[in-house]
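Please look at the sequence and the model shown here before reading on.

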Amino acid sequence: MTEAPTAGPCIAAIDQGTTSSRCIIFDHGGRIVAVDQKEHEQIFPRPGWVEHDAAEIWTNIQEVVVGAMAKAGAVRDDIRAVGITNQRETTVLWDRHTGEPVHNAIVWQDTRTDALCRELGGEIGQDRFRRETGLPLAAYFAGPKITWLLDNVDGLRERAEAGDLMFGTMDSWVIWNLTGGVGGGAHVTDVTNASRTLMMNLSDLNWNEDIAAAIGVPTRLLPEIRSSSEIYGEVAGGALGGVLGGVPVAAALGDQQAALFGQACYDVGEAKSTYGTGTFMLMNTGEKLIHSESGLLTTVGYRIGEDDPVYALEGAIAVTGALVQWLRDQMGLIGAAAEIETLAASVEDNGGAYFVPAFSGLFAPHWRSDARGLIAGLTGYVTKAHIARAVLEATAWQTREIADAMAEDSGVELAALKVDGGMTANNLLMQFLADVLDAPVVRPVVAETTCLGAAYAAGLAVGFWEGVDDLRANWRRDAEWTPDMDPGARESEYRQWRKAVERTMGWIEE
């Protein structure tokens, strides 16, 4: 009797995202062998509040790993390592003795810590911790979310100070459970995720105990900070212990840094933009730590083992793909996300309408939590097709604002932009993006660059790939869009966009 064929040597990447968890299995050429995915519930207790059930997410992760392996025909010996990538800043606290979350996870989009962040800023304002951490004081980041939980859920602060609780962004939660949970799971995070807490020194990659104390976070809650590519432990936990037991868990990268790595942006000045629920544009600045003067974040791009860290400038946009979902689910103007391109393409322009989706304030480069969304320039001429076009254009104009800020901070003009994420399937949007950036927009063959980056980092840690030259050789172009817009029209439209952005500010009164 012959044995069933197996997948051959592979790396499994777990992507714990904002709306779903998935597992993608990659071969040595960086090609996708199999994918499995499952959505989780979005919980909205109040306006501006967003939560996830971390226990549901761990259950889903176990299911998608098993599902992807089944689709690939893979057995344990085929999987050489597991890499993790995750929605960043989303904050979960759990009991170290039972492994149970003590509250729903607070999601990166959540705005409940606005007032706390203003209070923490005091007379200095949102730049109080920026020199050390690279980040403004904003509701986006994890540190204040921890404080909110400790101060607003009965008994949590006492339990934290007694050493009974653990904190993690979703990478830590997944790795702890994967490597054994209460049975000895590794309580770790990587430098990219730690750099999103408002509590890590960018210079030495250690927790800043003074800042943690100022924010109100006991340091005994915090995981150990490790590199993005090293073996943290072996799979031992949950249903996966029997399926992948003993396989190294060997990488963790926040989703946007994982996409930077998966897009092979290994040289200074190379940039990528990921178009998903929100949009995140990162530029590699090498070993140089650039403190932004233009409203960008300074963050860790990645760190491979004992190598020096690679830094990046980042522009974060809260709402891009989520605006298309809103148009579908809340407004009912389209029946499926893909329909927006056809609708928007049925008109030649936006009819004078501009949509600024500041649903939870404005992120980079403005950092205005008092802003709220608006549609400006409405006349009786505007149809739902014009609105659809304005929705797509909003993503491109927000990217333009980030690109301008990056050029100002780095002194490097954008030569081309590598793109990935679900919205890159929209050709109309990609062309408009090239037009407003006045630069080529390039999409790779493997658009799942977030998972690919996690797989690459895990593979490097176990010798599956030798170095970044191997990874760069895997990158292949799928499509490219070049600018085709009159420069005068571009600048005129951009002025109108910025006028609309100004009008969103100050909507929420303290």
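Helix α15, residues 449–461, has 13 residues and reaches 18 Å from its first C-alpha to its last, close to the 18 Å expected at 1.5 Å a residue; the expected span is 1.5 Å times one less than the number of residues, and helices (H or I, at least four residues) and strands (E, at least two) are DSSP runs numbered from the N terminus. The model is predicted, with local features needing pLDDT of at least 70 and side-chain atom pairs counting only at pLDDT 80 or more, while totals for chains, interfaces and linings use all residues. Residues are numbered from 1 along each chain as its sequence is written, and side-chain values use heavy atoms, with hydrogens and water left out.

Q: How many of the 13 residues of α15 are buried?
A: Buried means under 20% relative accessible area, exposed means over 50%, and partly exposed lies in between, with a 1.4 Å probe and protein chains only. The buried residues of α15 include Thr 449, Leu 452, Tyr 456 and Leu 460. The helix is mostly covered, and the number of its buried residues is twelve.

Q: How many cavities of 30 Å³ or more does a search of the whole structure find?
A: Rolling a probe the size of a water molecule over the atoms shows where empty space is left. On a 1 Å grid over the protein atoms alone, a cavity is a set of points where a 1.4 Å probe fits but cannot get out, whereas a pocket is an open set with protein on both sides within 12 Å along at least five of seven lines, and lining residues have an atom within 4 Å of a point. Grid points are joined across faces, edges and corners, and a volume is the space filled by probe spheres set on the points. With a limit of 30 Å³ or more, the search of the whole structure finds two cavities.

Q: Which element gives the most to the lining of the second largest cavity?
A: This cavity holds about 80 Å³ of space, and its lining includes Gly 29, Pro 444, Asn 474 and Trp 475. Thr 449, Leu 452 and Tyr 456 are also among the lining residues, and they are listed among the buried residues of α15. The element that gives the most, with three residues, is α15.

Q: How many residues of the lining of the largest cavity are nonpolar?
A: The largest cavity holds about 90 Å³ of space and is lined by 15 residues, of which Ile 317, Leu 362, Phe 363, Ala 364 and Gln 398 lie nearest its centre. Ala, Val, Leu, Ile, Met, Phe, Trp, Tyr, Cys and Pro count as nonpolar, Asp, Glu, Lys and Arg as charged, and the others, Gly among them, as polar. In this lining three residues are polar and one is charged, while the number of nonpolar residues is eleven.

Q: Which residue does a cis peptide bond join to Ala 364?
A: Ala 364 is one of the residues nearest the centre of the largest cavity. Omega of the cis bond is about -5°, and the residue joined to Ala 364 is Pro 365.

Q: Is Trp 367 buried or exposed?
A: Trp 367 has its place in the loop between β17 and β18, and its phi is positive, about 55°, although it is not a glycine. Because its relative accessible area is 8%, Trp 367 is buried.

Q: Which residue has a side chain joined to that of Asn 350 by a polar contact of 2.9 Å?
A: Asn 350 lies in the loop between α12 (339–345) and β17 (354–356), and it counts as buried because its relative accessibility is 3%. A polar contact is a pair of N or O atoms within 3.5 Å; within protein, one must be able to donate a hydrogen and the other to accept it, and residues adjacent in sequence count only if both atoms are side-chain atoms. The side chain of Asn 350 reaches the backbone nitrogen of Gly 352 at 2.8 Å. The contact of 2.9 Å joins the side chain of Asn 350 to that of Glu 393.
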